[in-house]
Each structure stands twice: as C-alpha cells, then as structure tokens.
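Colleague: I'd like to learn how to read sheets and a ligand shell in a model. Could you walk me through one?

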Amino acid sequence: ATPTALLVGTGRGAQLGILIKGPEVLESTRKADTIVLDKTGTVTEGRMTLTEVHVAEGEDEAEVLRLAGALEHASEHPIAQAVARAARSDATVEDFANVEGLGVQGVVDGHAVLVGRPRLLEEWSQHLTPELVEALEQAQAAGRTAVAVGWDGRARAVLVVSDVVKATSAEAVTELKRLGLTPVLLTGDNEKVARAVAAEVGIDEVIAEVLPADKVEVVKRLQAEGKVVAMVGDGVNDAAALAQADLGLAMGTGTDAAIEASDLTLVRGDLRVTADALRLSRRTLATIK
Ligand code: ADP
Ligand code: MG
C-alpha cells in the first residue's frame, strides 16, 4: 500500500467529520457486511421529547401545559424535563414534592397539581376518563411512556413522551443497505419499543432487551457466524462491543468510553456519515490498488 493514498483518505475523512484512529482501519471498513446499530443516542436522539397531549373533554391544552410544565420544571426526571422543555411555563410553584416511583405534586398558581402515574391521581380520587385511559393504553401499546395530569380534584390530561428517531436515521439505513450491509438494531430497551424504532427507519433485524454487559456477546455471536461486523454506538455500555467489532464507530456526541473503544468517530453524531466513511475507504483502497 502506498501511504500517501491512505493519508489522503484520512485527511478527506476529517473534512467529512470522520476521525480515523489510523490508516489500517480502512481495510476493515471494506470487508464489513453487517452493521450493528445501538438504538438510544445512535438511531434516536437519546432524550425524551413530549410528543402527544390528550386532554379530557372541556379541558384546555395550553392550561394543562402551563400547570404541568411549571411543576415538572422542579423535577429532574427525564419525563419531567421533556414536559418542562415543551411547556416553557413561568407559573409559580409552591410545596413541590416528589412522590417516589409515582410522580410529582405541588401547588401551581393556586391549583393543587399532580403529574405522574394514574395510580398517583387515583390516590387523590382523580379518576381518568375513558378517553384518557384509552390514550394512555394506546401510547403504552406503541412502546411509549405516558403520564397523567390532574388538579383540583379532577384528571385533566395524558401526556406522551418518547425518545424520537433522529431525522437522518432512515436515510442512513437506506444508504448502508445500498452499500450491501445488513443493519441490526441492538438495544437494552423492550422489544416493542425496539420494533417500533426499527420499523420507522427500515431495519428488519432487532436484538432487544440485551443487558449492557451482553452487547459484546451479541457481536461475538455474529462474528462466530462468519459475519464481519461494524458497530455504531455512543454509550459507556457500548464500549466493549465497539472494541470487539471488526470496525467500531462512535458517535462524537457520545461518551469518551465509546470514542476511545472505536476505530472511527463520527464527529457530528450523524449516522449518514457512517455510509460516507465506508464509501471513502472503499475509494481510498481502490486508489491504492
Ligand atoms: P422510571 O422513570 O425508571 O420508570 P421512577 O421510579 O423514576 O422510574 O418513576 C416511575 C414512574 O413514575 C415513571 O415511569 C412515571 O410514570 C412516574 N413519574 C416519576 N417521576 C415523574 C415525574 N417527574 N413526572 C411524571 N411522571 C413521573
Ligand atoms: Mg446508546
């Protein structure tokens, strides 16, 4: 191999937003036939977003968000952060309290507000209307998280939060398939959520409910089947699997552990750059030969 062509390849990589550990990495890029994609933070944004608001008959959505948003502003729970971010409420909160494992309560602009599991509202005799129960059950069946909102003795709304798929993920999967790779979605999350995300981006193979320590075993198993495995991940729990993979790619937006364990880093955390990286290295190797 002529080192010049390899260096041109790595220099071009930097322009594309790809950091390459060393020129020798390019060789494994060419052979990969399977690409394992971590779900949370890689295919999805990795944080909760408020995606649906269902109000009971006669209730006002803006008021629901104003009261629930102010209360959730005081909580650090990921659900709370999603609600607070979406609501941007400046209502004042008094007597805030976390109800362990159930939700939060407090007085917002003079109203006694509850946000959390339906059980929390039931404890205060705030019963969900049939339409709210239906909204809640539908969200859960789709693998989403739903919480109820009530105040002054009545259940008022159901809020649905979910970790949304990145806008670029579906396009990235299409490109990876076009390059001849088989994508596999790998996650510790439940099967239902994983299937929903896979369907949204066009992945057929799903390996879900995998304990963090077992991600590396999944990669080993695929290799034992004769596959040459590339893997993209972002978390501490992905590091061992990224190191085990024939080609490890880390999201630049991810943890240091993932970046250190990887051969390539996608600086902007855009999955489409994975396809760019594979194309670049194939071209670079073709130049050498
Ligand atoms: P987890 O978030 O892992 O489910 P928690 O014990 O923190 O476990 O919360 C249990 C449930 O209580 C949550 O799933 C949610 O339904 C409800 N909950 C807890 N905190 C909040 C909050 N700040 N806002 C809304 N719901 C909450
Ligand atoms: Mg992750």
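Modeller: Let's take the sheets and then the ligand. This is a predicted model, where local features need pLDDT of at least 70, side-chain atom pairs count only at pLDDT 80 or more, and totals for chains, interfaces and linings use all residues. Residues are numbered from 1 along each chain as its sequence is written, while chains are lettered from A and ligands numbered from 1 in the order in which they are written.

Colleague: What is the strand order in the open sheet of 6 strands?

Modeller: Strands of a sheet pair through backbone hydrogen bonds, either parallel or antiparallel. Here the order is β3-β8-β7-β6-β5-β4, with antiparallel pairing (strands are DSSP E runs of at least two residues, helices H or I runs of at least four, both numbered from the N terminus; two strands pair if DSSP finds at least two bridges between them). β3 (44-55) and β4 (93-99) are the edge strands, each pairing on one side only. Inside the sheet, β6 pairs with β7 (145-151) over 4 bridges, and Gly 116 stands opposite Ala 148 of β7.

Colleague: Which strands does helix α4 lie across?

Modeller: Helix α4 (61-72) lies across β3, β4, β5, β6, β7 and β8, at about 80 degrees to β6 (axes are lines fitted to C-alpha atoms, for helices over the stretch in contact, and angles run from 0 to 180 degrees between N-to-C directions; contact means C-beta atoms, placed from the backbone, within 7 Å).

Colleague: How does the pairing look in the open sheet of 7 strands?

Modeller: The pairing is mixed, in the order β1-β13-β12-β11-β2-β9-β10. Take β2 (34-38): β2 runs parallel to β9 (182-186), joined by 5 bridges, and also pairs in the parallel sense with β11 over 4 bridges. Thr 34 stands opposite Thr 182 in β9 and has Val 229 as its bridge partner in β11.

Colleague: Are the faces of β2 covered or open?

Modeller: In a regular strand the side chains alternate between the two faces of the sheet. Both faces of β2 are covered, with Thr 34, Val 36 and Asp 38 buried on one side and Ile 35 and Leu 37 buried on the other (buried: 20 or more other C-beta atoms within 10 Å of the residue's own, all placed from the backbone).

Colleague: How many residues surround ligand 1?

Modeller: 13 residues do, and the closest are Ser 75, His 77, Ala 80, Gly 101 and Gly 116 (a residue counts if its C-beta atom, placed from the backbone, lies within 6 Å). α5 (78-87), β5 (103-108) and β6 (111-116) each give two or more residues to this shell.

Notes: Two residues are in contact if their C-beta atoms, placed from the backbone, lie within 7 Å. A residue is buried if 20 or more other C-beta atoms lie within 10 Å of its own, exposed if 12 or fewer, and partly exposed in between; C-beta atoms are placed from the backbone.
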